[in-house]
Every structure is written in C-alpha cells, then in structure tokens.
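Hi everyone, thanks for making time for this one. I'd like to walk you through a single model and a few of its side chains.

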Amino acid sequence: MRLLYLYTNAEDKKDAINRSLIALQCPFNGQTPMTNRLIDVQTRFHTMYTLDFLYRLNFIDHQGDLIGLGGFITNL
C-alpha cells in the first residue's frame with residue numbers, strides 16, 4: 001500500500017513504477033534459491049488481492065491512483 005502512495009504522489013510515474021517493481025522483486029534480503037520462488041508467488045498473489053480489494057472499495061482507480069480516503073488507508 002505504501003507503493004501505491006509512492007506512485008500517486010510521484011511526479012515521474014515511470015520512475016515510481018520501476019521503484020515499485022524493484023521493491024516487489026526483492027522483498028526479503030535473506031532468501032535462499034529454494035524459498036525464492038515460493039516467496040515470489042506469495043508476494044504476487046498478496047499484491048493482486050490487495051489491489052483488487054482496494055479497487056472494489058473505490059480507494060484506487062483503474063490506473064492505481066488513490067481516491068478519497070485511499071491516502072489515509074495507506075497509513076494505517
């Protein structure tokens with residue numbers, strides 16, 4: 001959710017997307033090759049679920065920009 005806040009408030013949207021992708025690709029420092037794949041799948045499903053949930057509640061629009069109380073929700 002903090003990545004949505006970064007994207008919404010960024011002046012350069014492409015840079016914000018690149019930074020978000022880097023954060024999602026390397027969520028943990030101490031990964032082993034065996035657990036890397038499992039953590040990658042779990043992170044992707046969790047991110048997709050969270051984005052879908054926020055979209056259904058109208059806290060983000062179709063491009064991922066925060067709407068209304070979406071900025072407040074990211075700080076909880």
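Before we look at any residue, one cut-off to keep in mind: a residue is buried under 20% relative accessible area, exposed over 50%, and partly exposed in between. And please remember throughout that this is a predicted model.

Let's begin with the overall picture. The protein chain has 4 helices and 0 strands, so reading from the N terminus you get α-α-α-α, with helices counted as DSSP runs. The chain has 76 residues, and 21% of them count as buried.

Now to the charged side chains. How many salt bridges does a search of the whole structure find? It finds 1. The partners are arginine 56 and aspartate 52, and their closest N and O atoms are 2.9 Å apart. Both residues belong to helix H3, which covers residues 33-56, and they sit 4 residues apart, about one turn of the helix.

Here the cut-offs come in handy. Aspartate 52 has 33% relative accessibility, so it counts as partly exposed. Arginine 56, on the other hand, reaches 64% and therefore counts as exposed.

A pair of aromatic rings is described by the distance of the centres and the angle of the planes. The structure holds 1 such aromatic pair. Its members are tyrosine 49 and phenylalanine 53, with ring centres 6.3 Å apart and planes at 15°. Why is the pair called stacked? Because planes under 30 degrees apart count as stacked, and these are at 15°.

Tyrosine 49 and phenylalanine 53 are 4 residues apart in helix H3, so about one helical turn separates them. Is tyrosine 49 buried or exposed? It is exposed, at a relative accessible area of 57%. Phenylalanine 53 is partly exposed, at 42%.

One last residue, and then I'll let you go. Arginine 44 also lies in helix H3, and its 55% relative accessibility makes it count as exposed. Between arginine 44 and leucine 24 there are 8.1 Å in space, C-alpha to C-alpha, while in sequence the two are 20 residues apart.

Key
Residues numbered from 1 in each chain as written. Predicted model: local features only at pLDDT ≥ 70, side-chain atom pairs only at ≥ 80, totals over all residues. Heavy atoms only, no water. Helix = DSSP H or I, 4+ residues; strand = E, 2+ residues; numbered from the N terminus. Buried < 20%, exposed > 50% of the residue type's maximum accessible area, 1.4 Å probe, protein only. Salt bridge = Lys/Arg side-chain N within 4 Å of Asp/Glu carboxyl O. Phe/Tyr/Trp six-rings, centres within 6.5 Å; stacked < 30°, edge-to-face > 60°.
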